[in-house]
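Please keep the sequence and the structure in view while reading.

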Amino acid sequence: MSYKVKDISLAPQGKKKIEWVQRHMPVLEYIKKEFEETKPFEGITIGSCLHLEPKTINLGLTLQAGGAEVAMTGCNPLSTHDDATAAGASMGLNMYGWREESNEEYYENIKRVLDHEPDIIIDDGADMIFFIHKERRDLIGKILGACEETTTGIHRLKAMNEDKALEFPVMAVNDSYMKYLFDNRYGTGQSTFDSIMGSTNMLIAGKTVVVCGYGWCGRGVAMRAVGLGANVIVTEIDPIRALEARMDGYRVMKIRDAVKEADLILTVTGNIDIVSGDDFKYMKDGCLLANSGHFNVEINKKDLQEQSVSCKQVRADIEEFVMHDGRKLYLIADGRLVNLAGERGQGHPAEIMDMSFAMQALSAKYLTENKLDVGVYKTLDETDRYVAELKLNAMNIEIDDLTPRQVDYMNNWEEGT
């Protein structure tokens, strides 16, 4: 076991946080016990590039319980919890990462994980997978496959596969029901506002919140904004999603019109330059900007800087940009993934990551049991149902089964009224 963390003496503090989340991740704890008995990863090394915080360390411990050697690094320079990495290292995980890494340090830590020559990759944003294809091609023949859990990462990987550039199979964990219906919607919705409210100490009720993008993450953010009393405007490029947003009760308009009314702008698209160029000229004095997409490319900070006369840090997570006409705009968490990169960001609730990390762990197990051709694969429906059943059981919820007569009726096309 090796590690490179900020301060190993923080381990006791980190262990307390890990014990807390374990109490609220019953599905993963069940799978961990199952893995302890069956050892599906005996002789396997798993390398991961994920947000390093207590819930993620619990995933690492679950894989370790299954017999794996686990090497972990962070997928965002600002999302690492230093006490959690210290605890992970003290519990036998190969751990590389600390909060506020430089870009160079970020990639050095990816290299450190890959020096363990992993058989399976678990990625968040596809940076590690992309790095292997570009810089560590010597590993490609050894890797059984990878698991990717973000919308952004899946987009990258599908583009790679389309261009015939992908050279090993990847499980698209993000495309599973038990991931995007809960993690993307309820997780992103709650954790985004947890972080923003902690960073700003401001009221959401009565404000106009612009949500850029109405995918599953955008749906969750809009839902939570309304629950907090906000007036919500949605911007979209897809006519079907735009229509859905309108029928869900939100106003829908172009970004250029929406930013004129915004008190808070939230980007949740996974694409570049969502708020950029002249958009900043139309914003109200005091407008807040934040991003809940994976990469810090949705709000063009360079354009914002070029249109401002000064910039200063006004709170731990907030930069104030003074524009030429005296208006002040505020960027939260450097435009990075606000629910984790923000100082108060703790990521999604443990109950949500319980399901997402269960899907990751079981998808990794699937890769050890099945030799797949190169491609991007949706997780099995049976895995989705299994995780859902475990979660319901943990919540003491019982549901009905079809009777034999009902099964016959549904399978008999000749039967009508």
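Two strands are said to pair if DSSP finds at least two bridges between them. The model discussed here is a predicted one.

Q: In which sense, parallel or antiparallel, do strand β5 and β6 pair, and over how many bridges?
A: Pairing requires at least two bridges found by DSSP. The sense of the pairing is parallel, and the number of bridges is four.

Q: Which residues of strand β6 point the other way from G145 and C147?
A: In a regular strand the side chains alternate between the two faces of the sheet. Strand β6 covers residues 145-148, and all of the residues named for its two directions are buried. G145 and C147 point one way, and the residues that point the other way are A146 and E148.

Q: How are α2 and α3 oriented to each other: roughly parallel or roughly perpendicular?
A: Two packed helices are described by the angle between their axes and the distance between the axes. The axes of α2, residues 26-38, and α3 come within 7 Å and cross at roughly 20 degrees. Angles under 35 degrees count as roughly parallel, and therefore α2 and α3 are roughly parallel.

Q: Which residues of α3 are met by L28, E29, I31, K32, F35 and E36 in α2?
A: Sorted by class, the contact of α2 with α3 has six nonpolar, two polar and three charged residues. On the α2 side stand L28, E29, I31, K32, F35 and E36, and the residues of α3 that they meet are N58, L59, L61, T62 and A65.

Q: How is α1 oriented to α3: roughly parallel or roughly perpendicular?
A: The helices α1 and α3 pack with their axes 9 Å apart, at an angle of about 75 degrees. The contact is made by K17, I18, V21 and Q22 of α1 together with P54, K55, I57, N58 and L61 of α3, and by class it divides into five nonpolar, two polar and two charged residues. Because angles of 65 to 115 degrees count as roughly perpendicular, α1 is to α3 roughly perpendicular.

Q: How many residues of helix α4 are buried, and which are they?
A: Helix α4 spans residues 82-90 and is mostly covered; what covers its buried residues includes β1, α1, α3 and β4. Of its nine residues, eight are buried, and these are D82, D83, A84, T85, A86, A87, G88 and A89.

Q: Is N201, which has a positive phi although it is not a glycine, buried or exposed?
A: Most residues other than glycine have a negative phi. N201 has a positive phi of about 55 degrees and lies in the loop between α8 and β8. Because its relative accessibility is 66%, N201 counts as exposed.

Notes
Residues are numbered from 1 along each chain as its sequence is written. This is a predicted model: local features need pLDDT of at least 70, side-chain atom pairs count only at pLDDT 80 or more; totals for chains, interfaces and linings use all residues. Side-chain values use heavy atoms; hydrogens and water are left out. Buried means under 20% relative accessible area, exposed over 50%, partly exposed in between (1.4 Å probe, protein chains only). Contact means heavy atoms within 4.5 Å. Axes are lines fitted to C-alpha atoms, for helices over the stretch in contact, and angles run from 0 to 180 degrees between N-to-C directions. Angles under 35 degrees count as roughly parallel, over 145 as roughly antiparallel, 65 to 115 as roughly perpendicular and the rest as oblique. Ala, Val, Leu, Ile, Met, Phe, Trp, Tyr, Cys and Pro count as nonpolar, Asp, Glu, Lys and Arg as charged, and the others, Gly among them, as polar.
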